[in-house]
Amino acid sequence: MADTASATVRSAITTVGVDDPTKRDLLKLVTGSAVVIGVGAIAWPFIDSMSPAKDVLALSSIEVDLAPIQEGQAITAVWRGKPIFLRNRSAQEIKEAEGTPLNQLIDPQSDADRVKPGKEKWLVVIGICTHLGCVPLGNKTSDPRGDFGGWFCPCHGSQYDTSGRVRHGPAPSNLGLPPYAFIGDTKIKIG
Ligand code: FES
């Protein structure tokens, strides 16, 4: 398995230009995954009989304070090694997300099914493009957000709307939704 992981990393290094920040993010993700796989293969015989420690279980969830995120802004958190996009949507962005007919969607899903009731301004999605796993652009104010105001993936041009739903390009499905719950007015627990 370690050989396969190494081959994957070598392949990623030869095909991804590290000068591009977005591709660097992908490289970090791929490299991180390979390291986890490699360590897992070596460590498994030693830890097979052990129960997970409490601190390991605690790492499976994170808490994020949304209060500092201004309207229209988004930030990236990391949960279980994955980028999580947290966006404070404007009234206009919510209106566009809610008003999009489902028959215009590649992966039909209503906006209401992608946010928590009463908390429509907060969109929480896994920031990994469903095409080949790049991290789409759109969280920084200087980033391109594509024609639908959400995120733009420069790999092959997939575009996501303000609900994180794929609207254009080769990505087959919407940005994933992590399990999360509000534990305060502007505080969430992911995982
Ligand atoms: S990984 Fe997003 S378009 Fe290819």
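Modeller: The chain has a mean pLDDT of 80, and 69% of its residues reach 70 or more. pLDDT is the predictor's confidence in each residue, from 0 to 100. Over residues 1-50 it is below 50, and this stretch has 32 contacts in the model beyond near neighbours in sequence. A contact means two C-beta atoms, placed from the backbone, within 7 Å. The model is predicted: local features need pLDDT of at least 70, side-chain atom pairs count only at 80 or more, and totals for chains, interfaces and linings use all residues. Numbering runs from 1 along each chain as its sequence is written.

Now the core. Of the 191 residues of the chain, 25% count as buried. Buried means 20 or more other C-beta atoms within 10 Å of the residue's own, with C-beta atoms placed from the backbone. A nonpolar core is a set of buried Ala, Val, Leu, Ile, Met, Phe, Trp, Tyr and Cys residues joined through C-beta atoms within 7 Å. The largest one holds 23 residues; Val124, Cys129 and Cys153 touch the most other members. Strands S3 (82-88), S4 (122-126), S5 (149-153) and S9 each give two or more residues to this core. Strands are DSSP runs of E, at least two residues long, numbered from the N terminus.

Leaving out residues up to four places away in sequence, Cys153 touches Cys129, His131, Cys134, Pro136, Ser158, Gly169 and Ala171. Ser158 is also the bridge partner of Cys153 in S6.

That bridge belongs to an open sheet of three strands, ordered S5-S6-S7 with antiparallel pairing. S5 and S7 (166-168) are the edges; each has a single partner strand, so one side of each has no neighbour in the sheet. The twist averages 35° from one strand to the next. Angles run from 0 to 180 degrees between N-to-C directions, with axes fitted to C-alpha atoms. S5 and S6 (residues 158-161) pair over four bridges. Two strands pair if DSSP finds at least two bridges between them.

S9 takes the core to another open sheet. S9 contributes two or more core residues, and the sheet has the order S1-S9-S8, again antiparallel. Its edge strands are S1 (62-65) and S8 (180-184), each pairing on one side only. Four bridges join S8 to S9 (residues 187-190). Among the residues paired there, Phe182 has Ile188 as its bridge partner in S9.

Note on methods
Buried ≥ 20, exposed ≤ 12 C-beta atoms within 10 Å, placed from the backbone.
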